[in-house]
Amino acid sequence: MGVLTAAAAAAKSALTISGISKLAFIPTMLAAMAYFNYDLIDPENRPFNQQYLREEYDFVIVGGGSAGSVLANRLSEVEGWNVLLLEAGGHETDISDVPLLSLYLHKSKLDWKYRTQPQDSACQAMKDKRCSWTKGKVLGGSSVLNTMLYIRGNKRDFDQWEAFGNPGWGYEDVLPYFKKSEDQRNPYLAKDTRYHSIGGYLTVQDAPYNTPIGAAFLQAGEEMGYDFIDINGAQQTGYAWYQFTMRRATRCSTAKAFLRPVRLRQNLHISLFSHVTKVLIDKDDKRAYGVQFIRDQKKQIVYARREVILAAGAIASPQLLMLSGVGPAEHLQDVGIDVIYDSPGVGRNLQDHIAVGGIVFQVDYPISLVMSRLVNINSALRYAVTEDGPLTSSIGLEVVAFINTKYANASEDWPDMEFMMTSASIPSDGGTQVKRAHSITDDFYEEVFGHLTNKDVFGIFPMMLRPKSRGFIKLRSKNPLEYPIMIHNYLTHPDDVGVLREGVKAAIAVGETKAMKRLGARFNSKPVPNCKHLPLFTDEYWDCYIRQYTMTIYHLSCTAKMGPSSDPMAVVDPQLQVYGIKGLRVIDASIMPAITNGNINAPVIMIAEKGSDLIKETWIPKRRKRHSRSLKSCKLDNLLLNKNSTCTTNR
């Protein structure tokens, strides 16, 4: 009876997400998972949603995403500290556990559904020429919606952070924090203890399922002269299998990794559906003392005895700072907010990774991920029972390549281009959810990809790693429930156009290798709208092309950057404390001075691991070492007091 109840509950939860109900196989799959006692395998249930909150906590954490989940775990380790985690969304669902379905979560109730302002520089193929910025509105944040890629970045990223004036943030300083949270399940990687560890909260593993296309990608890389590498090891330039934040073939979100194991801690309260609208700051003392939030349609206030910590992400954290009176003074005055501290860098320096979408190759064999072929009862049962099969694939992402374009110095091992290589692409789901998630217009899809719908294809998404273009975020009004104005400014720096153009050329070259030609690979060269007046494959054509299908990889960052006090645009110091305001920190992707070389979920988790230690160093008194009397002082005492006692040192 319990199994039937669990199956019914699972099926019901599956159908609550917009768009998912069309996939008839999902309730069957979830019922099968319940039938095989999936919950018994993973006994850690979801954390409690605390109904009755204390008036005051030692620490109030705003945002239960990748950073907030880590902070809540690590701060509540300290006996006697009371910690409150406020999250605007609810719990992750059974659907979010299934790797293949991550794009079905975009534009669902788990997504903030942010959209940028229209700009001519990019996203011309999107509806209203507006890019969609998917951000997780759920406990676990974007780690519930992302593709689970575990990439730490390049050691030079962090050495650069330190060179910017942030001591303690060099690569050798942060590497222990990456390792602290890692539970590496690949024994060949785990034995490299210089770069990997086991036993942490966050499970990292290889994909349980790959297609023959993945092996062909690696052969193509070897053919092009690249090494086969560990992307989180000694060298970044090369080709590798992706490493994923997965556990037993399902998503290992930060909520699952860091919050479920500690849900019974009495000093940790988690309040869901709690939308923070303001940090309370004493105008005279310049100290944060609490937050105001909306829960159950009621305004509430909770006080922080020690600190308020913003971990709401690169959009919401600067938005909250500005709503609370910390930001560019002139802008705050324009929207009618009293200025408590003029911090011109809040909301500025926005950086993101963008890729060129639509680099699609058709193949001759039925070996790719085609939704109409793999979504069936057999796949569902295989997923539920043996924990493998196509449903464990992260939307086809199999191989990653870090390469150098002509704009990078190849001798530095600091590549400027990442290839996200997939055994599927935009037409693989019949022109439904991928198109919707990317906000591609129907006309653009039909003209460029319509003839490939449900055909066997693979895709390469060339992603620029170190953009020079900078966007910004500013308030639309002082209404905290109104989304801010988001200006992406993609491709406004001419160097970015050149790097992406060279990335596209290199991606097409991959399809020309013998390894890919054995599969019958041929590039979909259908001219894109708005670029037909230019000759195919010329630089001018590619410059036009990349402004059409400009695809964010959702790595929004750097909007409250860390820097020394001498940097007028720095928002937080190297201890992540907000300049000008006591008792307030920002600990999330906002604090990056420059975006890292790769997908950013792993660096955000690292930032939270290190940030929680910085907080502990501030508030936990250092134990005084028992200073032993020196032999010299003992002998001096004997001389002065005319004593003959034996002098020894205490140990």
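1. Burial overall. Of the protein's 651 residues, 61% count as buried. The model is a predicted one. Its accessible surface comes to about 25700 Å². Carbon and sulfur atoms hold 51% of that surface.

2. Fold content. The protein has 20 helices and 25 strands. Take the contacts with a separation of 6 or more: 73% of them are between residues 24 or more positions apart.

3. Helix α4. This helix covers residues 66-75. Ten of its ten residues are buried, so the helix is largely enclosed by the rest of the structure.

4. Disulfide count. How many disulfides does a search of the whole structure find? The search finds two. One joins C123 to C131, and another joins C531 to C544. Each is taken in turn below.

5. C123 and C131. The S to S distance is 2.0 Å. The angle about the S-S bond is 100°, and the link is right-handed. C123 is buried, with a relative accessible area of 0%. C131 has 2% relative accessibility. The cut-off for buried is under 20%, so C131 counts as buried too.

6. C531 and C544. Here the S to S distance is again 2.0 Å. Is this disulfide left-handed or right-handed? The torsion about the S-S bond is about -85°, so the disulfide is left-handed. The pair links distant parts of the chain, with the two cysteines 13 residues apart. C531 lies in the loop between β23 (522-523) and α18 (539-545). C544 is in helix α18. Both C531 and C544 are buried.

7. Two further cysteines. C252 is buried, with a relative accessible area of 2%. C558 is at 0% relative accessibility and counts as buried.

8. K582. Where is K582 placed? It sits in the loop between β24 (550-552) and β25 (584-586). Is K582 buried or partly exposed? At 39% relative accessibility, K582 counts as partly exposed. The cut-offs explain the label: buried means under 20% and exposed means over 50%, with partly exposed in between.

9. Neighbours of K582. Leaving aside residues up to four places away in sequence, K582 touches D285, K286, R287 and A288. The side chain of K582 reaches the backbone oxygen of D285 at 2.7 Å. K582 and R306 are 276 residues apart along the chain. Their C-alpha atoms are separated by 9.6 Å.

10. Nonpolar surface patch. Which residues form the patch? They are Y289, I301 and Y303. Together they have about 250 Å² of accessible area. I301 is found in strand β13, residues 298-310. I301 is partly exposed, with a relative accessible area of 43%. Patch membership needs over 30% relative accessible area, so I301 clears that cut-off at 43%.

Terms used:
Residues are numbered from 1 along each chain as its sequence is written. This is a predicted model: local features need pLDDT of at least 70, side-chain atom pairs count only at pLDDT 80 or more; totals for chains, interfaces and linings use all residues. Side-chain values use heavy atoms; hydrogens and water are left out. Patches are made of residues with over 30% relative accessible area and no salt bridge: like charges are joined within 9 Å, nonpolar side chains (Val, Leu, Ile, Met, Phe, Trp, Tyr) within 5 Å. Accessible areas come from the Shrake-Rupley method with a 1.4 Å probe; for residues, only the protein chains shown count as cover. A salt bridge is a side-chain nitrogen of Lys or Arg within 4 Å of a carboxyl oxygen of Asp or Glu. Helices (H or I, at least four residues) and strands (E, at least two) are DSSP runs, numbered from the N terminus. Buried means under 20% relative accessible area, exposed over 50%, partly exposed in between (1.4 Å probe, protein chains only). Contact means heavy atoms within 4.5 Å. A polar contact is a pair of N or O atoms within 3.5 Å; within protein, one must be able to donate a hydrogen and the other to accept it, and residues adjacent in sequence count only if both atoms are side-chain atoms. A disulfide is a pair of cysteine sulfur atoms within 2.5 Å.
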